[in-house]
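The sequence and structure come first.

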Amino acid sequence: MGELSGQVAVITGAGRGIGKGIALAFAEAGASVVCAARTKTEIDQTVVEIEEAGGKASACLVDVTEFDTAVSLFQQAHDTFGGVDIVIINAGVSDSKQSVEDSDPAEWTQVIQVNLIGAFNTAKAAIPHLKARGGGKMMLMGSGLGHKGIPTRSAYSSSKAGLWMLTRVLAQELAPHAISVNEIIPGPVRTEMTPGSDGEIRNTLGKGEWVKGPQDVVPLALFLASQPNHGPTAQSFSLMRRDG
Ligand SMILES: NC(=O)c1ccc[n+]([C@@H]2O[C@H](COP(=O)([O-])OP(=O)(O)OC[C@H]3O[C@@H](n4cnc5c(N)ncnc54)[C@H](OP(=O)(O)O)[C@@H]3O)[C@@H](O)[C@H]2O)c1
């Protein structure tokens with residue numbers, strides 16, 4: 001029996017990168033995992049890898065910017081696996097690293113749409129299902145840039161600052177329902193979002209930082225998933241080596 005046996009986890013952005021790493025690990029720990037993103041081939045591949053390893057999973061095409069598809073995601077989790085216990089709000093996009101003066105307004109809006117409004121849509125759609133289960137957990141994938149912005153990252157930093165505020169508000173609203181809500185800050189992770197060598201990633205995201213693989217974020221996600229529902233909430237857990 002794994003430590004997440006009998007639990008159902010819904011993970012947005014589970015087609016690649018950090019979300020996929022957590023999906024594979026949660027399934028190995030015994031959870032049934034619903035993998036969501038917009039690219040069918042990628043979420044299908046995550047499900048294949050989970051099933052080949054003996055786990056249980058299903059794929060759901062979701063664009064988190066559309067509330068209705070987030071609602072369908074949790075309905076699918078309920079219909080397929082009987083409910084929802086853990087929600088990883090992980091889907092996100094980067095920005096094209098321009099000063100505010102040079103930023104494209106349409107791109108700025110899109111980053112907020114995915115990273116912040118998408119997180120709101122996912123959390124809102126999840127709440128009735130977690131309440132029906134009598135409690136549960138949400139984890140939101142934040143960023144050090146949401147706590148300390150840097151030049152040229154206004155869209156991304158602002159979206160993640162909003163995500164951290166959303167985490168704290170959700171935690172207070174949901175504490176009476178035994179639903180804990182916490183932020184994970186992974187620090188720099190080698191994924192499609194961070195092209196380039198480790199040195200180049202460090203230069204952009206912080207000298208002296210630990211550049212990780214997606215599997216290095218797993219232990220923190222597993223730790224939070226295995227805490228009691230009345231355990232830590234409204235907290236930010238960071239894997240960074242320093243502030244900013
Ligand atoms: N990599 C880092 O250094 C780092 C550091 C701090 C925080 N983070 C955060 O960690 C999270 C995961 O990032 P990652 O590095 O793993 O990036 P990634 O490899 O690019 O994965 C992003 C995932 O989000 C999905 N996604 C993007 N837009 C979506 C939408 N509108 N609806 C549904 N799914 C969507 C993508 O799938 P589709 O494109 O197929 O939809 C993909 O599965 C993000 O929130 C990111 O901000 C990353």
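## Helix H7

Helix H7 is largely enclosed by the rest of the structure, because six of its eight residues are buried. Buried stands for a relative accessible area under 20%, exposed for over 50%, and partly exposed for what lies in between, using a 1.4 Å probe and protein chains only. The buried residues of H7 are Val218, Leu220, Ala221, Leu222, Leu224 and Ala225. Their cover includes H1, S4, S5, strand S6 (179-185) and strand S7 (236-238). Helices (H or I, at least four residues) and strands (E, at least two) are DSSP runs, numbered from the N terminus. Contact, here and below, means heavy atoms within 4.5 Å.

## Basis of the model

The model is predicted: local features need pLDDT of at least 70 and side-chain atom pairs count only at pLDDT 80 or more, while totals for chains, interfaces and linings use all residues. Residues are numbered from 1 along each chain as its sequence is written, and side-chain values use heavy atoms, with hydrogens and water left out.

## Nonpolar cores

The largest nonpolar core has 33 residues, and Phe26 and Val33 have the most contacts inside it. Two or more residues of this core come from each of strand S1 (8-12), helix H1 (17-28), strand S2 (32-37), helix H2 (40-52), strand S4 (86-89), strand S5 (136-141) and helix H7 (218-225). A second, separate core has 29 residues, among them Val10, Val34, Leu73 and Phe74. A nonpolar core is a set of buried Ala, Val, Leu, Ile, Met, Phe, Trp, Tyr and Cys residues joined through side-chain atoms within 4.5 Å.

With neighbours within four places in sequence left aside, Val33 is in contact with Ala9, Ile11, Ala23, Phe26, Ala27, Ile50, Lys56, Ala57, Ser58 and Phe81. One of these partners, Ser58, lies in strand S3 (residues 56-61). Ser58 counts as buried because its relative accessibility is 11%. Apart from residues up to four places away in sequence, Ser58 touches Val33, Val34, Cys35, Val47, Gln76, Thr80 and Phe81.

## Packing of H3 on H4

Two packed helices are described by the angle between their axes and the distance between the axes. For helix H3 (residues 67-81) and helix H4 (residues 105-133), the angle is about 35 degrees and the axes are 8 Å apart. Axes are lines fitted to C-alpha atoms, for helices over the stretch in contact, and angles run from 0 to 180 degrees between N-to-C directions. The crossing of H3 and H4 is right-handed; that term applies if the near helix is turned clockwise from the far one by less than a right angle, and left-handed if anticlockwise.

On the H3 side the contact is made by Phe67, Ala70, Val71, Phe74, Gln75 and His78, and on the H4 side by Asn121, Thr122, Lys124, Ala125, Ala126 and His129. By class, these are six nonpolar, five polar and one charged residues. Ala, Val, Leu, Ile, Met, Phe, Trp, Tyr, Cys and Pro count as nonpolar, Asp, Glu, Lys and Arg as charged, and the others, Gly among them, as polar.

Thr122, in helix H4, is buried with a relative accessible area of 1%. A polar atom of its side chain lies 2.7 Å from the backbone oxygen of Gly118. Beyond neighbours within four places in sequence, Thr122 is in contact with Thr12, Val64, Ala70, Phe74, Val87 and Ile89.

Gly15 is found in the loop between S1 and H1 and is buried, at 9% relative accessible area. Neighbours within four places aside, its contacts are Lys20, Ala37, Glu42, Ile43 and Thr46. Gly15 and Val47 are 32 residues apart in sequence, with a C-alpha to C-alpha distance of 9.0 Å.

## Partly exposed loop residues

His177 lies in the loop between helix H5 (154-174) and S6 and counts as partly exposed, at 33% relative accessibility. His177 touches Lys131, Gly134 and Gly135, not counting residues up to four places away in sequence.

Thr152, in the loop between S5 and H5, has a phi near 75 degrees, a positive value in a residue other than glycine. Thr152 is partly exposed at 35% relative accessibility. Ala234, in the loop between H7 and S7, has a positive phi near 65 degrees and is partly exposed at 25%.

Technical notes: Polar contact = N/O pair within 3.5 Å; in protein donor to acceptor, adjacent residues only side chain to side chain.
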